[in-house]
Amino acid sequence: MFKFIKALFTKQKDKSKTAAKESLKLSKSLAKNLQMFRELLQGDDLVVFREFTNQHYPECKFGLIFVNGLVNDEAINENIIAPLMEFSGIQALKEKSLDLFLKKTLITNKAIKETDINKLLSEVLYGSTLLLVEGVNEALLFDTTDFKYRSITEPIAESVLRGPREGFTEAILVNISMIRRRFASPELKFKLMKIGKRTQTRVCLCYLEGVASPKIVADVTRKLQQISIDGILDSNYLQELIKNEKFTIFPMTYSTERPDVAVAKLLEGRVAILVDGTPYVLTMPCLFMEFFQSNEDYYTNFIFASFNRLLRYVGFFITTSLPGIYIALTTYHQEMIPTPLLLNISAAREGVPFPTVIEALFMVLIFDLLRESGIRLPTPIGSTIGFVGAIIVGQSSVTARMVSAPIVIIAAITGISNFLLPKMLGSLTYMRLFLLILSSVLGLYGYVFGVIAIMIHLMSLRSFGVPYMSNLGSLKYQEMKDTIIRAPWWQMLERPRLIAELDPIRQEQTQQQVEGENEN
Amino acid sequence: MKTKLFQMIIIILFSLNLTGCWNYVEINEKSFILATALDYLPEQSEYLETVEIGTSIAVGESITLKGEVFQCTGITVFDATRNLITILGEKILWNHVQAVIIGQSVLAEPNHLIGLLDFLRRDAEPREDLYLMLSKEKTAAEILTALAPKSDEIVGFKLQNIFQNQNYLSKYKAVPLWEFIDKLASPGVEPVLPTLKVWTTRGKKVIVVDGMAVFKKTALQGYLDQMETRYFLWITNAVKGGVIPIQTKSHGETALLTLEIFRSNTETKPVYQAGKLVMQLKINTTVGLAELGTAIDFTSEKQREQLQKDAARTIERRISALIRKVQDEYQSDIFGFGEVVARKMPKLWQRLKSDWTTSFVDLQVDVQVQLEIKGSATIAKPVQLEE
């Protein structure tokens, strides 16, 4: 009912607005045009309307519209106003030919002719300069955008010991330049579009033609075009709006702050989406195992990297299962704990008022609490959270016999392992709680049922048509090479076949490699 | 979609409650038995169950483990176990029992022992690899209470350690529950149990394994001492290590020296010739010189061969003597010769099966020991005296 009314209202509004704008057209009179823009931009005091004439032919009047603060003043003065004022080509002035102006006098590299009012408006509000000429019902748009953005720094959330240190910024063009700089090949395509009815946020779809599956590119493009939200402030808006599986705790797109990671994903045939205003770039299709891969894996020795990879799988197991298994063992299957350990746990629990389940839930939640509060606090206060967490919660709660010591250890190990897979934090928390509750009800049976349920769910997921768990169950070497271990670069012969179906060969095996293998 | 999801969540939540956590028990609400001693009180016709419960006392930050002993009686073993609740106030679990000590009084009536074994095997809690042993003291309870209250040591762990480290000594045999029951059930082999005694040294009581009890099915036939147990282990191919003190004569002087067993292998082969069954025991043992109580250099080839021969003869003699003793005094085939025959000569076994005890008593056993001295530890020559 409410929805219906809401829909009715929004539709009406939209219609009236667009109708008003559509009826607007550029006329030949400069004064009328300027008046129209003044009305459209009424209330925005930052918009500058600058009128001037040519020295040699005063009948030729010009009008400039730009937004103060978004534009490069010098460029407007030196390259647009000055040449037009001093231009002596009477013929061109008389004809009022925009083409001739562009050819002979205007010293700007990015300029287009445009008549669509909507487009003109959105460009002006993003930093372009609009030139109107008396007697012409067309306008020229100059890209004079020049605003301040955060300088390129190392991303805090994805720091590495070895590897490139630059990260994306909030400016989309800078981000695009960072990708392009790593990729001097014309096959890399960038498609710009504007999403968000009101914010008109620039979004760039990026893919490697000839490698990326056209089906996936078309699918992503279609989904992006269908979005009719009013504003996009971060890539997560798109992440949620375009995902197929709406109700899953698992992330269905991969997001990164690092250009090198984005380029690596593009090379594997994935599609990247850059959004203006956020340093997080989305890549898709996304596989489960991507969260176990770190960009540093590829920059360090493969033997060491494989160890780290295995560590992440162990961490995944610990962080999801340890509390559940602990509860199952201590409350249902005491025979499975070594005797001295059993007696120790029993002694540690002596006098603790709560059941083990409550204890575990309590501690696991406390850890998430500390984590969440630690993130938002300024760094100097943040360290106190550490002290409070360690001393008050850890130490005191044990000595006060509020919780038992083993559960504190379990919660701590679980929490630390959590950060081995930082991009999956949310899903890990849910899986942990799910398994914990099931284990507390049915013991190890419950745990196993939970694991089965999670596996069934994971196996049923698809990210843009590609099975989410693909390659984890494969027995082919070329498909396993980058899952449980990180194979050496000379054996990375293929791209993931389901994603890069057009050109799955990454490198041909060289003679040297073949010889090396024969020797072994 | 939403209502469906909602319904699913509701169903799952309710079904979780329906299971009712039937087995959920907090770990500190149960007591764990670490060792049990069982006696039979003929006057009351009741079992006397003595259990050692593992408790841990947390003093400040440190936790010390301690064994506490409780006693209770019951008409059957399980009855006694449940009666313990009246004393302890907690349900006790058999999951972590390391050792079960059987008192002599239980052996008086075969069914008492069978009842005990059946309970241990049938119940879901006790492990099949818990160690069984026989008390040589009047009651089994004496063994379990021997250490208390002077020592905090847990008898269950102590006994487990004693039997797990027997490889380095080879003077007693660890008998897990499954093995004892297995031997009771299979023809051609008789069960044995290690025997425990309490010694008092310097006012302190200690538990020792002093040998082995020989059974004929459930009936106790007699005992073997520690050295005899060693030879028993040798015959059954169970020697993994240990030391052999040997007296040898060389250059007219008697020398006492010690050999350490590295490896040993025993092959038992039944031979049927001229209507007579003969067991051939071939023992191959590798030893090292471990302690020489003489200045004679045994590393020389000649001396070594002499020593090998001497030692082998000694071992042969003693093994033969043990077999004779068991045949004459106990008439119980604890070596499992019958089983070997059954395995290697099934047709013959069919004939002998019914009267194997007689056959065993008259069985001729040829013992052949091959001793090889390999290595002399870190020094070659013995400690020299100044001439």
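1. Let's start with Q331(B), which is partly exposed because 15 other C-beta atoms lie within 10 Å (buried means 20 or more other C-beta atoms within 10 Å, exposed 12 or fewer, partly exposed in between, with C-beta atoms placed from the backbone). Q331(B) sits in the loop between α9 (301–330) and α10 (337–344) of chain B, where helices (H or I, at least four residues) and strands (E, at least two) are DSSP runs numbered from the N terminus. Although Q331(B) is not a glycine, its phi is positive, at about 45°.

2. A word on conventions: this is a predicted model, in which local features need pLDDT of at least 70, side-chain atom pairs count only at pLDDT 80 or more, and totals for chains, interfaces and linings use all residues. Residues are numbered from 1 along each chain as its sequence is written, while chains are lettered from A and ligands numbered from 1 in the order in which they are written.

3. R401(A) belongs to the loop between α14 (379–399) and α15 of chain A. With 15 C-beta neighbours inside 10 Å, R401(A) counts as partly exposed.

4. P285(A) is placed in the loop between β10 (281–284) and α11 of chain A.

5. Now the contact between the chains: 21 residues come from chain A and 21 residues from chain B (two residues are in contact if their C-beta atoms, placed from the backbone, lie within 7 Å). On the side of chain A that touches chain B, α11 (302–331), α12 (339–349) and α16 (425–442) each supply at least two residues. The largest share of that side, 10 residues, is from α12(A). By class, the side of chain A that touches chain B has 10 nonpolar, 8 polar and 3 charged residues (Ala, Val, Leu, Ile, Met, Phe, Trp, Tyr, Cys and Pro count as nonpolar, Asp, Glu, Lys and Arg as charged, and the others, Gly among them, as polar).

6. How do the axes of α11(A) and α16(A) cross? They come within 7 Å and cross at roughly 10° (axes are lines fitted to C-alpha atoms, for helices over the stretch in contact, and angles run from 0 to 180 degrees between N-to-C directions). The two helices α11(A) and α16(A) are therefore roughly parallel (angles under 35 degrees count as roughly parallel, over 145 as roughly antiparallel, 65 to 115 as roughly perpendicular and the rest as oblique). Residues making this contact include T319(A) and P323(A) of α11(A), and L428(A) and M431(A) of α16(A).

7. α11(A) also packs with α15 (residues 405–418) of chain A: their axes come within 7 Å and cross at roughly 155°. α11(A) and α15(A) are therefore roughly antiparallel to each other. Among the residues that meet are T319(A) and P323(A) in α11(A), with I410(A) and I413(A) in α15(A). This contact of α11(A) with α15(A) has 6 nonpolar, 5 polar and no charged residues.

8. Lastly, E494(A) lies in the loop between α18 (477–480) and α19 (511–519) of chain A. E494(A) counts as partly exposed, with 18 C-beta neighbours inside 10 Å. Not counting residues up to four places away in sequence, E494(A) touches Q478(A), P504(A), I505(A) and R506(A).
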